[in-house]
Amino acid sequence: MELYDFADALGFEVVALGKGKNNPLNLAANPDSAAEEAARKGASAKMLASFQDGTKTMVEMTAVANATGFLPDKPGMNGFVSDVKGLPEIFKLKEDGGQVSNKKIVEYINGVAPGVFAIVASEKEEVNHEMQYLSMGEGPNYVLYRPYHLTSLETPISIARAFIYNEATIAPWKGLQAETVAVAKTDLEEGQFLDSIGGFTVYGSILSATEAKEKNALPMGLVDRNVQLKRSIKKGQIISYDDVVQTKESTIWRLRRMQDDTFAVKEEKAIPVKV
């Protein structure tokens with residue numbers, strides 16, 4: 001978000017926002033498969049599994065999407081492999097020789113971890129001249145790259161900005177733009193209970209909010225041990241609200257229902273009425 005705010009304030013067109021993925025994607029990762037590496041790192045096996053199966057990356061980029069209006073180029077994003085120098089070419093549109101179908105997208109890259117990046121461009125001749133003079137590449141895309149991500153160590157800065165300046169580091173933009181939804185990690189049986197993020201039953205995948213609504217997809221954040229399957233679900237299938245029953249209502253489900261009801265009222269009021 002800091003890179004986005006910086007580029008946007010300078011007048012660049014921001015083409016894409018992304019992060020490097022630290023762990024190779026393993027959609028089947030679970031606390032058992034992650035246990036040995038977690039022990040070596042002194043980390044929680046469940047937490048590490050949520051990194052490996054991509055859920056953490058999907059949640060992070062969903063937060064960025066909701067703060068900017070940027071969307072995944074496709075469900076789950078592309079997950080390209082590249083070094084930093086290769087990023088500008090990747091984020092050209094396919095018709096221009098690149099690998100993406102859209103601009104203003106969120107993405108993750110295998111090969112640039114642990115950094116974060118913004119792909120920027122400009123139609124102004126003088127800006128392109130200056131970027132080339134500054135050895136930022138030949139254009140039309142340029143990469144702004146931050147080669148580190150200090151996680152919780154950076155939190156005090158956000159706290160200070162919120163307290164002193166009443167500024168959020170990252171906050172929703174104009175309602176829900178994207179959603180991390182639950183996908184079956186393995187074949188699941190009717191009557192089975194889901195577990196949680198980084199568990200054995202589901203992983204998260206990012207969808208646009210429009211597609212998530214069309215599929216009636218179950219948000220990953222609502223998955224807990226009180227959620228039971230009403231029917232069998234195949235591995236790789238998105239789980240919908242229609243597929244589950246909540247055996248004990250939780251606070252987060254009530255809050256999400258309130259949020260959805262609020263959005264529905266706003267959308268209804270936004271519909272123009274012909275008299």
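Student: Is Ser122 buried or exposed?

Tutor: This is a predicted model, in which local features need pLDDT of at least 70 and side-chain atom pairs count only at pLDDT 80 or more, while totals for chains, interfaces and linings use all residues. Residues are numbered from 1 along each chain as its sequence is written, and side-chain values use heavy atoms, with hydrogens and water left out. A residue is buried under 20% relative accessible area, exposed over 50% and partly exposed in between (1.4 Å probe, protein chains only). Ser122 has a relative accessible area of 15%, so Ser122 is buried.

Student: Which residue has its backbone nitrogen 3.1 Å from a polar atom of the side chain of Ser122?

Tutor: Ser122 lies in the loop between β5 (116-121) and α6; helices (H or I, at least four residues) and strands (E, at least two) are DSSP runs, numbered from the N terminus. A polar contact is a pair of N or O atoms within 3.5 Å; within protein, one must be able to donate a hydrogen and the other to accept it, and residues adjacent in sequence count only if both atoms are side-chain atoms. The backbone nitrogen at 3.1 Å from the side chain of Ser122 belongs to Lys124.

Student: What backbone nitrogen does the side chain of Ser240 reach?

Tutor: Ser240 sits in the loop between β9 (227-229) and β10 (244-246) and is buried, at 10% relative accessibility. Apart from residues within four places in sequence, Ser240 is in contact (heavy atoms within 4.5 Å) with Lys215, Asn216, Ala217 and Leu218. At 3.1 Å, the side chain of Ser240 reaches the backbone nitrogen of Asp242.

Student: With which side chain does the side chain of Asp73 make a polar contact?

Tutor: Asp73 is in the loop between β2 (71-72) and β3 (80-81) and counts as buried at 12% relative accessibility. The side chain of Asp73 reaches the backbone nitrogen of Ser101 at 3.2 Å, although Asp73 and Ser101 are 28 residues apart in sequence. The side-chain partner, also at 3.2 Å, is Asn78.

Student: How many salt bridges are there?

Tutor: A salt bridge is a side-chain nitrogen of Lys or Arg within 4 Å of a carboxyl oxygen of Asp or Glu. Lys19, Lys56 and Glu60 are linked in a network of such bridges. By this rule the count is 15.

Student: How many residues apart are Lys185 and Asp53?

Tutor: The side chains of Lys185 and Asp53 meet in a salt bridge at 2.8 Å, N to O. The pair links distant parts of the chain, with Lys185 in the loop between β7 (178-184) and β8 (202-208) and Asp53 in the loop between α3 (45-52) and α4 (55-68). Lys185 is buried at 5% relative accessibility, and Asp53 is buried at 1%. Their separation in residues is 132.
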